[in-house]
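Come and read along with me.

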Amino acid sequence: MLSYTDLKKGVFFVMNGEPYEVLDSGFLRMQQRKAVVQTRIRNLITSKVLDRNFQASDNFEEAEIEKKSAMFIYA
């Protein structure tokens with residue numbers, strides 16, 4: 001399980017049953033408020049980019065992603 005502080009650039013996680021990649025993240029703490037992590041995430045299925053804020057109560061499952069190199073044989 002990943003906590004909200006583990007969401008750094010390049011981390012893959014599962015949210016609502018879909019895999020996401022963290023494109024950018026920043027830690028924000030304002031006076032008399034709870035700390036949040038502001039992230040820009042990309043859905044790996046639809047390629048949509050979202051801006052989301054995550055709080056300390058949020059936990060995520062790490063996504064199992066496999067990368068393979070590919071060679072295109074056409075021009």
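My entries on the sheet, the salt bridges and a surface patch follow.

**Before I start.** I am looking at a predicted model, where local features need pLDDT of at least 70, side-chain atom pairs count only at pLDDT 80 or more, and totals for chains, interfaces and linings use all residues. I number residues from 1 along each chain as its sequence is written, and the side-chain values use heavy atoms, with hydrogens and water left out.

**Entry 1: the sheet.** In what order do the 6 strands of the open sheet stand? I found E1-E6-E2-E3-E4-E5, with antiparallel pairing. Strands (E, at least two residues) are DSSP runs, numbered from the N terminus, and two strands pair if DSSP finds at least two bridges between them. E1 and E5 (49-54) stand at the edges with a single partner strand each, so one side of each has no neighbour in the sheet. I reminded myself that strands of a sheet pair through backbone hydrogen bonds, either parallel or antiparallel.

Entry 2: I counted 2 bridges joining E2 to E6 (residues 59-62); Val14 has Glu61 as its bridge partner in E6. Another 4 bridges join E2 to E3 (residues 18-28), where Phe13 stands opposite Tyr20. E2 and E3 form a hairpin with 2 residues between them, and Asn16 in the turn has a positive phi of about 55 degrees. Next, E3 pairs with E4 (residues 36-43) over 8 bridges, with Ser25 opposite Thr39.

**Entry 3: salt bridges.** How many salt bridges does the structure hold? I noted 3, each a side-chain nitrogen of Lys or Arg within 4 Å of a carboxyl oxygen of Asp or Glu. Glu21 and Arg42 meet at 2.4 Å, N to O. Is Glu21 buried or exposed? Glu21 is buried, because its relative accessible area is 15% (buried means under 20%, exposed over 50%, partly exposed in between, with a 1.4 Å probe and protein chains only). Arg42, at 29%, counts as partly exposed. Asp51 forms a salt bridge with Arg40, with the closest N and O atoms 3.4 Å apart. Lys68 and Glu66 form one at 3.8 Å, and both are exposed.

**Entry 4: a charged patch.** Asp6, Glu61, Glu62 and Glu64 gather in a patch of negative charge on the surface. Patch residues have over 30% relative accessible area and no salt bridge, with like charges joined within 9 Å and nonpolar side chains within 5 Å. Asp6 lies in the loop between E1 (2-3) and E2 (12-15) and is partly exposed at 34%.

How values were computed. Accessible areas come from the Shrake-Rupley method with a 1.4 Å probe; for residues, only the protein chains shown count as cover. Lys and Arg count as positive and Asp and Glu as negative; His and the chain ends are not counted. The place of a charge is taken as NZ of Lys, CZ of Arg, CG of Asp or CD of Glu.
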